[in-house]
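Hi,

Here is the structure I promised to pass on. Please have a look at it first, and my notes follow just below.

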Amino acid sequence: MQTNFTHHQSAHCENGVASNLLKNNGLNISEPMVFGIGSGLFFVYLPFIKVNHAPAISYRTLPGQIFNKLASRLNLKIKRQKFSSVTNANAALEANLKNNIPTGLQVGVYHLSYFPDEYRFHFNAHNLVVYGKTETDYLISDPVMETVTTLTHDELDKVRFAKGAFAPRGQMYYPIQIPKEVDLKSAILKGIKNTCRDMLAPMPIVGVRGIKFVSRQIRKWSVKHGTKKANHYLAQMVRMQEEIGTGGGGFRFIYAAFLQEASVILNNEELKILSKEMTQIGDSWRDFAVEASRIYKNRSAKEDAYNTIADELLDIANREEVFFKKLKKAIS
């Protein structure tokens, strides 16, 4: 069984799956537009929750939120299902494939056999599309991969029912209703307002205030926990930022591309200028990641290395605060 489906590579899995599924259903929407309308850009620091023995940091909204908000703002209907048994999950997926419905799945990364070993760890919020099935394999479109790939039936069962935080429980989702006309202008404005509200939230662990909070914590980590633990915390932060969820720099580049597209649709020149500014902030996130990785790989020649990168992060937070205030004003 094979559905009619075209694979497009993307920078981030959830945006990519949403964009690919909608394109497949006749709505040509880019990955940056999905991300911007779905208000994917976010920051939260949760020191009281540990992931891989380090404080939890997320650079994005909860899994599924991007597609859900996009759907709500464009009046699309998405069907989502979770399952208590592998048998039921497989039967539902099989029925979709028979009906020529490529289907999005939330899966765990650890058992994805086509991922390189260094990217395979316990993270359950990855997204991919199943677009067909053979006697031994499922045909997989994973948007972060250059080309389509496959998983055996057993491998797909394992990733669909991975255990731990955000356990996917066989979750599958797909569009069931798309209007002939969508109001992109209104959806873009709602998406931008939501992101500005999140990033300028008056909470110490969220948005730009959360980034400032982490900057203060980095200064204390080596003194409080010792070098080994501080380096592990930094490594985990960079991993969440640059490897697992695209996060820091990557998300800023996607958001900049969204603002570029939005400036044309809204005929708003200010958004084009802000798009360039966001690209520069993205470069700074990348520089921060490189400097941080030098520290935890013990290659930093800087004497006061932790304070230096804490300063870099604080500078990013201050620039983002100014940026989101300008962005909020630009669409009001």
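The buried residues of α3 (buried: under 20% relative accessible area, 1.4 Å probe, protein chains only) pack against α1 (13-24), α2 (31-37), β2 (54-60), β3 (77-81), β8 (172-177) and α6 (184-199). Helices (H or I, at least four residues) and strands (E, at least two) are DSSP runs, numbered from the N terminus. This is a predicted model, in which local features need pLDDT of at least 70 and side-chain atom pairs count only at pLDDT 80 or more, while totals for chains, interfaces and linings use all residues. Residues are numbered from 1 along each chain as its sequence is written, and side-chain values use heavy atoms, with hydrogens and water left out.

Back to α3 (residues 65-74): seven of its ten residues are buried, so the rest of the structure largely encloses this helix. Those residues are I66, F67, K69, L70, A71, R73 and L74. After α3 comes N75, with a positive phi near 60 degrees.

Next, the loop between α9 (247-265) and α10 (269-296) holds N268. N268 has a relative accessible area of 15%, so this residue counts as buried. Beyond its neighbours within four places in sequence, N268 is in contact (heavy atoms within 4.5 Å) with S263 and A330.

Finally, K224 lies in helix α7. K224 counts as exposed (over 50% relative accessible area) because its relative accessibility is 62%.

Happy browsing!
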